[in-house]
Amino acid sequence: MASAQGQFLAFDEFGRPFIVIREQEKRARVKGLEAQRANINAARAVSNLLRTSLGPKGMDKILVSQDGDVTITNDGATIMEKMDVKHQVAKLLVELSQSQDNEIGDGTTGVVILAGALLESALNLLDKGLHPLRVCDGFERACEIAVKHLEATSQELDVFANDNELLKKAAVTCLCSKVVSNRQNELAAIAVEAVLDVADIKRKDVNFEHIKVEGKPGGSLEDTCLIRGIVIDKDMSHPQMAKVVKDAKIAILTCPFEPPKPKTKHKLEISNAEDYRKLYEQEQQYFVKMIEDVKNSGSNIVICQWGFDDEANYLLHANKLPAVRWVGGVEIELIAMATGARIVPRFSELSSEKLGRAACVREIGFGTTDDKMIVIEGCANTSAVTVLVRGGNKMIVDEAKRCLHDALCVVRNLIKDSRIVYGGGCAELMASLEITKVVDMEPSIEQYAMRGFADALEDISNALAENSGLNPIETTTWLKNEMKNNPDKRYGVDCNGVGINDMKELNVYESLQSKVQQLQLATQVVRMILKIDDVFAPSEYS
């Protein structure tokens, strides 16, 4: 039977009554322009949040998780990832920044701001009665024009000239907007060295698996250094083991130093001291056999994924075999790749061919604390490198690691494709002016959408000027006028107040690959959002 409130009384197989409530009444349906408006407003709310973080004068955000963990950053991808976004369309922008981060590594803030500007422009066109599909087509055509123009006007650099000076300048451009900007030159040099150490210049390929960024609170940012080897956040398992092993022959084990455990349930009864002594001797034989297997293989240091008990630890020390325990699976794989070792799952399979080679394995300490780390240098198989980041506290170290990731990605992108465009909003303004020229010859109704795309591109220079304390409209207007009068110049927003607006003179540039990816990704996401015209969701959705 049904009640007036939309509730139903039903009975289960035992005759017990229960109430079924119709959930449909708690859901709302939004259609047409109203749905598009709700989606655009949700996405713009996320985009506007990032707007103040763009550029060298951009502000940082403090994010507190539900567990109370605090993150201070102005990295777009990190802010988007840590935000608790409920709206499904707003989540598309979170995925957008992650796509840019995964593919390029830099430009995560710019791509979200650009998507927000395009959505704002699209909303104005929809209010004027333009069909969403016509807006999408216009944006797509404008994006193609912008990409072709940037490719045509991009400049190819010899990035390895003058001791890799141009790579360092690109890394500096990336780092100048970060928390570590006061140490941007030193960190840029470290990033360039790290990438070049693992790069295959002939193939224009960089394997990021061989670059590890480790952090250790303590010291200051100046103490950040590049170690040509692998660093693992462990120490020797026994305090009296050798701290330095030269010409290391490394055995990598994924089996623990302990007696084997039966797979089935078992029970062992010890009724007298003699039985206990036999059990002890049996265990000792296991341990001695394990140590013999390691010694016979020729190994002089052991790295184990699991732990050992005190007996094994004592025997390893007594046999002058330094050992490191509880090394994670990712580190194990990296050490195996770098040293040419085979990961061994059983002691009986150990042999000299399966050992890894390294020039030196040493334990390093920090300050007056008990913190220790193991450094493996001179790896035989590859030139794996580790950047060891130091900082006053954990938050500084974490943010410095994020900044270095961006710088490493910028250097990698320039090695893969050495074409560059100039920063400071210059590339976007050049593309905007080119689209405006083409629009004047466009007969179809898409010209309105294309003009809207050109206007949205100006939002990057507006945001940069606003964050630098300048008048955004006045600055962008002046820059556009100067670009028209001097097409050979590369004018952009002078964020640091140097007094020069020519980005070429200031050496402010970024990878063409990054800028093209930003334009294409932002356009694709905006197209997707505009094509949604019916939302059936909980009533609090809008």
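Trainee: Why is Lys489 called partly exposed?

Mentor: Lys489 has a relative accessible area of 36%. Buried means under 20%, exposed over 50%, and partly exposed in between, with a 1.4 Å probe and protein chains only; Lys489 is therefore partly exposed. This is a predicted model, in which local features need pLDDT of at least 70 and side-chain atom pairs count only at pLDDT 80 or more, while totals for chains, interfaces and linings use all residues. Residues are numbered from 1 along each chain as its sequence is written, and side-chain values use heavy atoms, leaving out hydrogens and water.

Trainee: What makes Asp502 and Lys489 a salt bridge?

Mentor: Their closest N and O atoms are 3.8 Å apart. A salt bridge requires a side-chain nitrogen of Lys or Arg within 4 Å of a carboxyl oxygen of Asp or Glu, so the pair qualifies. Asp502, at 7% relative accessibility, counts as buried.

Trainee: Which residue forms a salt bridge with Lys243?

Mentor: Glu363 does, with the closest N and O atoms 3.3 Å apart. Glu363 is buried at 13%, whereas Lys243 is partly exposed at 32%.

Trainee: How many salt bridges does this rule give?

Mentor: The count comes to 34.
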